[in-house]
Amino acid sequence: MLGSVPTWVTVLQLLAAGLVGGFCALQWLWWRGEVRPASAAWSLAWSTDMALVLLAGGLFALTTPGPVRDALVYAHALLLAGFLIIAIPATRAIAGGPRIRYWLWAAIPLFTAHAVLWWVPLERYVADHDVLTAALLLVPTAVVVSYVVAALGRIRLTGFDSLLVIAGAASLSLFTAGVLWSDHPVGALCSALGSIPLAVGIELLALNRLRLAQDEAARQHRMRDALARLANAAWYIKDADALLLSARDEARTILGDPSVEGSLRPIARDRFVSELYSADEVDHTARARAFLIDLAQIVSAAAERYQLSERLHTTAFTDPLTRLPNRRAVEEHLLAMLERANVERTRVSLAYCDLDGFKRVNDSFGHAHGDALLVRAAEYLRRAVADLDAHVGRVGGDEFVIVVARAPEDAHLVAIAREIREGFVDRHAGSRPARLTVGVATWQPGDIVDTDALIRHADTAMLEAKRSRSGFRVFDRELRQRVEAQRHQRTALEHAVADGRFTAHFQPIVDAQTLEMVQVEALARWQHRGRFVLPAEWLDLAEESGLIVPIGLEILRQARRALERFQMPVSVNLAARQLAEVDALEQIETAWGGAFWEHLTLEITESALIQTSSAIPVLSELRARGARIAVDDFGTGYSSLARMSRLPVDELKIDRSFVRDMGTDRGRGVVRAIVALASTHGLSIVAEGVETPVQLTALAEMGVTRVQGNFLGRPAPSLPVRGPRPATVRTPARRPVGVPQPNSAQDDSRLVVPRTV
C-alpha cells in the first residue's frame, strides 16, 4: 500500500506522528487521573496505534528498498489493521453501542488472514491476487465502519462527534482509494494521507474528553467540598430548614442548575426524609444525582439529630409529670436572671412554694392522686404568674419555685405571696384541703450572685411560713440575721467538734429514800468563748447537721473514763441520729470499750425509740451485752402500752414537766400512772427535774426509787456529791482488778466499780 510519495507528505506524516504522540502523553495523564474512565484507556491505545501508523508511513520514505522497507510495509499494514480493530471497543467506550463480541469475530480473522497471506506468493496460485488482498482489507474495514455507524446511530451527535465522523469518513475514503489504486501514485498518496484526518479528529475528540474529564474531576472536588461544608454546618446551624436552604444553594452552585429545590418532611418515630430535585426536570448525570442524594441525607440526619437533641434537652431540663422546668433548668435560668439583673441593676425574687397535705394525699389515696394534685398545683402556678415576668419550675417532690425578674417592692411581693397562698385550695382529696406555703427571697443589686444562697433563703422563709398562721413569709432583715446567726453557730459548732471542745458534766442520780448517789448522768457541755453552752442552745442544730454523732461518741468516751475515775455507774444520752448510722453498734463499742457494759445506761427519747426503725435492733444488741436501756422524757411521746411492752427497755425516766406539776392533782395522777406502768412491766423509775423538797417527798411517797435534779446536785465536771457519801469500796481478796461487785453495806441495786490500778 505504501508507494513513492512526495517529500512534503513524508514530513507531514512525521509531524502528525509527533503531534499524536504528544497527545498520547496527555491522554496518559487523563487515564492516570482520579476518574480513570474506560474511554480514556481506549483513546490512549487508539492514539498510540495511530501515531505508530503515521510514524511507519513517514519512515517508509526515508528507507531504501530492502528488508527494512519490507518490514516497515508489513508493520504499517498490521498497525493499520490494529487501528481498525481498536476502533470497535473504543467506539463502545466513548459513544456506547451494541456488544462487540460478534463484530470482533467478524473483523479479526479477516485481518489475520491478510497478515498471513502477506508472506504467501499468491501470484503463483491465484490469478486475481490483488482482488483477494483488497477484499481482505475492505471487508473487515466495512465491518468496523458498520459497527461505528450502528453505535453512532443510537446517540445524539455533538459538534465534536460530528467532526470525528467527518474525519473518519475522509480517512476511510482515502484509505479505500489507496487500496483500489495501489499501483497508482495517487493511491500511494491517498494511503499516506489517509490516517491524518482521522488522527486529527481523534485527538480533537480526546482533547475535548480530557477537558471534560478535568471539569468533571474539578466538579467532584467541589462536590466533596460542598458535602464537607454542609456536614460541618450541620453542627452549628441547629435549624433543619436553614440547613436545607444551604444544601439547596450548594446544589445550585455546583450543578449550575438554578431550578434545584429541596423538601424536608417528618415521618414516624422522629425520622425525617429530605429530597433535592430539579424543578425544571433537568436530566442530571448519575454522579450529580448521587451528589443531590448525599446532600439530602446530611440534611435528614441533621434533622433527626436536632430532634433527638431537643428531646434529650427536654428530658434533662423538664419535669416529666408537670412539664415544668426541673431543678437544673431553674438554677440555670435563675443564674441568667441574676447576671442580667447585675448589669441592669434590678431585683430578682424567688418564691419557694411547698404543697401542704401532699404526703397525706399520697399515703391516704395513693400516688396517682398525689400526681394529679401536683399537676393541678403546677397549672395553678402557671396561671397565677401569667401576667408577671416570671418562670415557674418544680425543684422537688412537692416543691415549686417562681423566679420573678425585675421584681417589685417587698409590699407587692407580699401581696403576690398572699394571692398564691389564698388562691389555691384543693379539696379533691378529702375534707382537709391542700394548700401552698410560700416563702419569698429577693436578690438586691450589689449582692453576691449566688443562686444557692437565694434558694436557701427562700426555703428558709417557706419553713418560717409553715410555723406561722399566714402561710407565707418574706425573707427580711430579721430572718436574714437569724440565718446568719445559725450559720455562724454551725461553723463554730463544727470547729468545736474538730477541736474537741465538748466535755461531759455529771449530774447525780440519788436514792429517793437515803439521798445516796447511786449513779451519774453524763451531760454534754460546749466550751465556747470561756463559758459552757447548754444543749438547749445547740442541740437542734447538731441533730440537723449530723454533728450530734461525733458529739455523742465523745461524751460516751468521757463517760467511760468517768466510770473508772469515779467508781460509779454512768448514764449517757443517745440521739436518734446516732442509732440511724449504718455502723452504729461498732461506733458505740469503739467509744465505750469491750467491758463493763453492765455499768452503762443508755438513754433515748421515747419519740426516737419509736420513730427510728434501726434503733430497736441496735439497742437489743447493746442490752444483750449488759447495758441498760432507759426511755428519757417518758410521757411526752406517743407510744402505746402494747408497744412499750415489746421494746428493749429497763428503765423509765419521768419527764421534768410532770415533776413540775406535782403540786396539782393532774400531775400527781400522771406520775402514779407511770409508776404503776413501770411496776407492771418490771421497770425501774427515775424522776428528772426535782427542784424542791416537796417534789422529792411526794415522789418518794409514790414509790419512785431514784431521782435527779438541781436540788440534789447540779452537773459538774467532777464527781458531784449531795447527801451521805458512799461507803468506801472494799475489794475482796484475790478478786481480779476491774471486776464489779455489789456493795453489801448499801442498796443492792447500785453497782460499784472497784478503783483500777
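Trainee: How many helices and strands does the chain have?

Mentor: This is a predicted model, and in it the chain has 27 helices and 18 strands. Of its 757 residues, 46% count as buried.

Trainee: How should I read a sheet, and in what order do the strands of the open sheet with β4 and β7 stand?

Mentor: As a general idea, strands of a sheet pair through backbone hydrogen bonds, either parallel or antiparallel. Here, 5 strands make up an open sheet, with the order β4-β5-β3-β6-β7 and mixed pairing. At the edges stand β4 (390-394) and β7 (472-474), each of which pairs on one side only. If you compare neighbouring strands of this sheet, they are turned by 15 degrees against each other on average, with direction ignored.

Trainee: In which sense do β4 and β5 pair, and over how many bridges?

Mentor: Strand β5 covers residues 399-405, and its pairing with β4 is antiparallel, over 5 bridges. To find your place in the structure, look for H391, which stands opposite V403 in β5.

Trainee: Which helix packs on the sheet, and which strands does it touch?

Mentor: That is α12, residues 327-344, which touches β3 (348-356), β4, β5 and β6 (435-443), while its direction makes about 20 degrees with that of β5.

Trainee: How do I read the crossing of two helices, and at what angle do α12 and α16 cross?

Mentor: The idea is to compare the directions of the two axes, and an angle of 65 to 115 degrees counts as roughly perpendicular. The axes of α12 and α16 (residues 451-467) come within 10 Å and cross at roughly 110 degrees, and the two helices are therefore roughly perpendicular to each other.

Trainee: Which residues meet where α12 and α16 are in contact?

Mentor: From α12 come E331, L334, L335 and L338, and they meet T451, L454 and I455 of α16. Sorted by class, this contact has 5 nonpolar, 1 polar and 1 charged residues.

Trainee: What does S278 touch, leaving aside residues up to four places away in sequence?

Mentor: S278 touches D257, S259, V260 and H284. With the side chain of D257, the side chain of S278 forms a polar contact of 2.7 Å, and with the side chain of S259 it makes another, at 3.0 Å.

Note on methods:
Residues numbered from 1 in each chain as written. Predicted model: local features only at pLDDT ≥ 70, side-chain atom pairs only at ≥ 80, totals over all residues. Heavy atoms only, no water. Pairing = 2+ DSSP bridges. Helix = DSSP H or I, 4+ residues; strand = E, 2+ residues; numbered from the N terminus. Axes fitted to C-alpha atoms, helices over the stretch in contact; angles between N-to-C directions. Contact = heavy atoms within 4.5 Å. Parallel < 35°, antiparallel > 145°, perpendicular 65-115°, else oblique. Nonpolar A, V, L, I, M, F, W, Y, C, P; charged D, E, K, R; others polar. Polar contact = N/O pair within 3.5 Å; in protein donor to acceptor, adjacent residues only side chain to side chain. Buried < 20%, exposed > 50% of the residue type's maximum accessible area, 1.4 Å probe, protein only.
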